[in-house]
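Here is a quick tour for anyone opening this entry for the first time. Take a look at the picture, then read on.

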Amino acid sequence: MNPLKKAIFWLLAILPLGSISYAADYELHVETPDSGDIISQFEESFSEETLPQKYYYYMDKHGIITLEDLRAERNYRHFLQMLLEFEKDSQYGVTASGGAISIGGTQ
């Protein structure tokens, strides 16, 4: 079984119901072979501070400063939501200054 699927199933047992819906949505929309690539691309962009500005607004709004904060259990639903958004942005070629602000509100 894919390590990402194992992690998702493990989290299903301990996360609140709202987080489970994000996990299920993530699994439906991100193809398993590419999911590791999406995660590594997201983490690389996060580390290099090259994500579109909407991600930084969103993280600031939720008090997320580091990648460790983002991957913490309490923020895991935010992590999944940002991965879904990142995948969509990657598919449509959203640059650091463009794109719909579907995760960060209206800023």
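Among the contacts between residues at least 6 apart in sequence, 61% join residues at least 24 apart. Keep in mind that this is a predicted model.

What is the chain built from? Of the chain's 107 residues, 37% count as buried.

Now for the rings. The structure holds six aromatic pairs. One of them brings together Phe42 and Phe79: the ring centres are 6.1 Å apart and the planes sit at 70°, and because an angle over 60 degrees counts as edge-to-face, that's the label this pair gets. Phe42 belongs to helix α3 and Phe79 to helix α6, so the pair ties together parts that are 37 residues apart in sequence.

Are these two residues buried or exposed? Both fall under the 20% cut-off, so both count as buried. Here they are side by side:

| Phe42 | α3 | 32–48 | 0% |

Ring pairs link Phe42 and Phe79 with Phe46, Tyr55, Tyr76 and Phe86 into a cluster.

Conventions:
Residues are numbered from 1 along each chain as its sequence is written. This is a predicted model: local features need pLDDT of at least 70, side-chain atom pairs count only at pLDDT 80 or more; totals for chains, interfaces and linings use all residues. Side-chain values use heavy atoms; hydrogens and water are left out. Buried means under 20% relative accessible area, exposed over 50%, partly exposed in between (1.4 Å probe, protein chains only). Contact means heavy atoms within 4.5 Å. Rings of Phe, Tyr and Trp (its six-membered ring) pair if their centres lie within 6.5 Å; planes under 30 degrees apart count as stacked, over 60 as edge-to-face and the rest as tilted. Helices (H or I, at least four residues) and strands (E, at least two) are DSSP runs, numbered from the N terminus.
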